[in-house]
Amino acid sequence: MKKKDLFKRCLFMSFLIILITIAISIMIKYEVEGEKTLPFSITKILLVSTVDGNKVEDAENIWHIDVTQVNDMYMYIDKTSTEDKTIKQIQLENFHVYQMPQKGELKLLRPTGELSNLYSQSEQNYLTEGITYLGSTIDDMKSLEIGNTGGVIGFRMALMNLGAYVSNENTEVVYDGRLLSNLGIHQEEIHFKVSFDIIIETSDAIKFKGTIALDMPVDNVIEEGSTSIEITDFSNVIFKRMG
């Protein structure tokens, strides 16, 4: 009887250890791979880098432009399941600049204008606050709304206070990266890296959270004037359920 009891105990302990091992393996796999299927997924990110500027009234010079290097991000989110779910809201938060630019002041701007001039009225820096898009019938970036079955969201990363371009030449000034060259600014001086969390909340109050990292500006914006890139591989973005 003692041998039978010992055998049963050993069998139970072995079975328990196997169950614990399987549970731990599943947890580790989830931490590494995250959710396999999402109701909504990021299908594309479009990054556009160029230069903008504000013309300053100057009686002594034909051109006096305060130069800003801008990086616009457009994120495309599509429905990727047949479940009857919609987007309640999408939060962009926890912005972290882990490689600061050597020149300029980095600000995160939200869309405030029409499509032709999305950031014309944007002043507040959202780098420490984050931005929330609410699910709606259609996309409306000015109102921070995204179609509840999928759409586009975005923001701008602007390097301000880089200097002023001053000239008395009659030649029309082109607002692009070459203005930075005229200020003696080099590509490595405006390079920065930023990461942020994206939280997709569906209509049934389930939240999925992932982290995205961006390397800006795109390519050599100073030499090329204006640059862009499309990102479609998000295998390194791991989404997990919250709560």
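Buried here is under 20% relative accessible area, exposed is over 50%, and partly exposed lies in between, with a 1.4 Å probe and protein chains only. Strands are DSSP runs of E, at least two residues, and helices are runs of H or I, at least four, both numbered from the N terminus.

Quick caveats before I go on. This is a predicted model, with pLDDT of at least 70 required for local features and 80 or more for side-chain atom pairs, while totals for chains, interfaces and linings use all residues. Residue numbers run from 1 along each chain as its sequence is written, and side-chain values use heavy atoms, leaving out hydrogens and water.

So, who sits beside β9? On one side there's β3, residues 87–99, running antiparallel to β9 and joined to it by 9 bridges.

Two strands count as paired if DSSP finds at least two bridges between them. The order is β6-β5-β3-β9-β10-β12, an open sheet of 6 strands with mixed pairing. β6 (145–147) and β12 (240–241) are the edges; each has a single partner strand, so one side of each has no neighbour in the sheet. β12 is antiparallel to β10, through 2 bridges, and F208 stands opposite R241 in β12.

And the chain as a whole? We've got 4 helices and 12 strands. The radius of gyration is 25 Å, well over the 18 Å from the globule rule for 243 residues, so the chain is more spread out than a compact globule. That radius is over C-alpha atoms, and the rule is 2.2 Å times the number of residues to the power 0.38. The C-alpha box, along the principal axes, is roughly 105 × 40 × 25 Å. Of the 243 residues, 42% count as buried.

Last bit, contacts, meaning heavy atoms within 4.5 Å. Among contacts with a separation of 6 or more, 72% come from residues 24 or more positions apart.
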